[in-house]
Amino acid sequence: MDCDSMQMAITEEHQLSERKESGRRGRKPGRKTSSEKVDVKAKLERSRQSARECRARKKLRYQYLEELVADREKAVIALRAELERFMQCDRRIEEMISPNDIDQLLKDIGIIKQEIFA
(Lines give C-alpha, C1' and ligand atoms only; values in the text may rest on other atoms or scores of the structure.)
Protein backbone atom coordinates (compact mmCIF):
# COMPACT_ATOMS: atom_id res chain seq x y z
CA MET A 1 0.00 0.00 0.00
CA ASP A 2 2.85 2.28 0.52
CA CYS A 3 3.71 2.24 -3.18
CA ASP A 4 0.13 2.72 -4.14
CA SER A 5 -0.30 5.78 -1.92
CA MET A 6 2.92 7.30 -3.26
CA GLN A 7 1.83 6.76 -6.81
CA MET A 8 -1.55 8.33 -6.06
CA ALA A 9 0.13 11.35 -4.47
CA ILE A 10 2.37 11.81 -7.52
CA THR A 11 -0.64 11.49 -9.83
CA GLU A 12 -2.60 14.06 -7.80
CA GLU A 13 0.33 16.50 -7.85
CA HIS A 14 0.64 16.06 -11.61
CA GLN A 15 -3.08 16.68 -12.09
CA LEU A 16 -2.98 19.80 -9.87
CA SER A 17 -0.04 21.26 -11.78
CA GLU A 18 -1.81 20.57 -15.10
CA ARG A 19 -4.98 22.26 -13.85
CA LYS A 20 -3.07 25.35 -12.77
CA GLU A 21 -1.35 25.65 -16.15
CA SER A 22 -4.52 25.12 -18.17
CA GLY A 23 -6.73 27.26 -15.94
CA ARG A 24 -7.73 30.79 -16.93
CA ARG A 25 -5.70 33.68 -15.73
CA GLY A 26 -6.78 37.23 -15.15
CA ARG A 27 -10.02 38.63 -13.90
CA LYS A 28 -13.21 36.67 -13.72
CA PRO A 29 -16.00 37.64 -16.12
CA GLY A 30 -18.74 39.75 -14.59
CA ARG A 31 -16.53 41.17 -11.87
CA LYS A 32 -15.39 44.73 -12.35
CA THR A 33 -12.82 46.46 -10.30
CA SER A 34 -13.39 49.95 -8.96
CA SER A 35 -10.96 51.44 -11.52
CA GLU A 36 -12.90 49.81 -14.36
CA LYS A 37 -16.14 51.28 -13.00
CA VAL A 38 -14.52 54.71 -12.98
CA ASP A 39 -13.29 54.14 -16.54
CA VAL A 40 -16.82 53.25 -17.68
CA LYS A 41 -18.23 56.36 -16.01
CA ALA A 42 -15.54 58.52 -17.58
CA LYS A 43 -16.20 56.96 -20.98
CA LEU A 44 -19.93 57.64 -20.66
CA GLU A 45 -19.26 61.25 -19.67
CA ARG A 46 -16.89 61.72 -22.64
CA SER A 47 -19.56 60.26 -24.90
CA ARG A 48 -22.20 62.63 -23.52
CA GLN A 49 -19.86 65.61 -23.94
CA SER A 50 -19.08 64.59 -27.50
CA ALA A 51 -22.80 64.31 -28.27
CA ARG A 52 -23.41 67.80 -26.81
CA GLU A 53 -20.62 69.25 -28.97
CA CYS A 54 -21.96 67.48 -32.05
CA ARG A 55 -25.44 68.91 -31.49
CA ALA A 56 -23.97 72.40 -31.01
CA ARG A 57 -21.99 72.12 -34.28
CA LYS A 58 -25.10 70.90 -36.09
CA LYS A 59 -27.13 73.82 -34.74
CA LEU A 60 -24.49 76.32 -35.90
CA ARG A 61 -24.33 74.69 -39.34
CA TYR A 62 -28.11 74.95 -39.75
CA GLN A 63 -28.08 78.59 -38.61
CA TYR A 64 -25.38 79.37 -41.16
CA LEU A 65 -27.32 77.65 -43.95
CA GLU A 66 -30.55 79.43 -43.00
CA GLU A 67 -28.77 82.81 -43.12
CA LEU A 68 -27.28 81.90 -46.49
CA VAL A 69 -30.70 80.99 -47.88
CA ALA A 70 -32.21 84.21 -46.51
CA ASP A 71 -29.46 86.28 -48.16
CA ARG A 72 -29.98 84.52 -51.49
CA GLU A 73 -33.75 85.07 -51.29
CA LYS A 74 -33.17 88.79 -50.67
CA ALA A 75 -30.84 88.91 -53.71
CA VAL A 76 -33.48 87.18 -55.88
CA ILE A 77 -36.13 89.69 -54.77
CA ALA A 78 -33.80 92.62 -55.50
CA LEU A 79 -32.94 91.25 -58.96
CA ARG A 80 -36.62 90.71 -59.80
CA ALA A 81 -37.40 94.30 -58.79
CA GLU A 82 -34.53 95.55 -60.95
CA LEU A 83 -35.74 93.47 -63.89
CA GLU A 84 -39.26 94.89 -63.47
CA ARG A 85 -37.88 98.46 -63.47
CA PHE A 86 -35.95 97.77 -66.70
CA MET A 87 -39.01 96.25 -68.33
CA GLN A 88 -41.12 99.31 -67.39
CA CYS A 89 -38.43 101.61 -68.71
CA ASP A 90 -38.31 99.64 -71.95
CA ARG A 91 -42.10 99.88 -72.34
CA ARG A 92 -42.01 103.66 -71.83
CA ILE A 93 -39.23 104.04 -74.38
CA GLU A 94 -41.14 101.92 -76.94
CA GLU A 95 -44.27 104.02 -76.44
CA MET A 96 -42.46 107.34 -76.93
CA ILE A 97 -40.08 106.52 -79.74
CA SER A 98 -40.78 105.24 -83.24
CA PRO A 99 -38.59 102.50 -84.74
CA ASN A 100 -36.57 105.05 -86.77
CA ASP A 101 -35.93 107.08 -83.65
CA ILE A 102 -34.70 103.95 -81.85
CA ASP A 103 -32.13 103.32 -84.57
CA GLN A 104 -30.94 106.92 -84.30
CA LEU A 105 -30.80 106.64 -80.50
CA LEU A 106 -28.72 103.44 -80.73
CA LYS A 107 -26.38 105.12 -83.24
CA ASP A 108 -25.96 108.08 -80.93
CA ILE A 109 -25.19 105.83 -78.00
CA GLY A 110 -22.70 103.88 -80.11
CA ILE A 111 -24.39 100.51 -80.10
CA ILE A 112 -24.94 100.59 -83.87
CA LYS A 113 -22.01 101.92 -85.87
CA GLN A 114 -22.69 103.98 -88.97
CA GLU A 115 -21.37 102.42 -92.10
CA ILE A 116 -18.94 104.62 -93.92
CA PHE A 117 -19.15 104.41 -97.68
CA ALA A 118 -16.18 105.64 -99.62
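Author: A salt bridge here is a side-chain nitrogen of Lys or Arg within 4 Å of a carboxyl oxygen of Asp or Glu. In general, side chains of opposite charge can pair when their charged atoms come close. In this structure, Glu45 makes such a bridge with Arg52, with the closest N and O atoms 3.2 Å apart.

Reader: What kind of model is this, and how are residues numbered?

Author: It is a predicted model, in which local features need pLDDT of at least 70 and side-chain atom pairs count only at pLDDT 80 or more, while totals for chains, interfaces and linings use all residues. Residues are numbered from 1 along each chain as its sequence is written, and side-chain values use heavy atoms, with hydrogens and water left out.

Reader: What is the mean pLDDT of the chain?

Author: pLDDT is the predictor's confidence in each residue, from 0 to 100. The chain has a mean of 78, and 59% of its residues reach 70 or more.

Reader: How many helices and strands does the chain have?

Author: Helices (H or I, at least four residues) and strands (E, at least two) are DSSP runs, numbered from the N terminus. This chain has three helices and zero strands, in the order α-α-α from the N terminus.

Reader: How many salt bridges are counted?

Author: The count is three. Besides the bridge to Arg52, Glu45 forms one with Arg48, where the closest N and O atoms are 3.8 Å apart. Glu45 and Arg48 both lie in helix H2 (residues 34-96), three residues apart, about one turn of the helix. Glu84 pairs with Arg91, at 3.9 Å between the closest N and O atoms.

Reader: Are the residues of these bridges buried or exposed, or in between?

Author: Buried means under 20% relative accessible area, exposed over 50%, and partly exposed in between (1.4 Å probe, protein chains only). Glu45 is partly exposed because its relative accessibility is 39%. Arg48, at 47%, is also partly exposed, as is Arg52 at 39%. In the other pair, Glu84 counts as partly exposed at 34% and Arg91 at 39%.

Reader: What share of the chain counts as buried?

Author: Of the 118 residues of the chain, 0% are buried by that cut-off.
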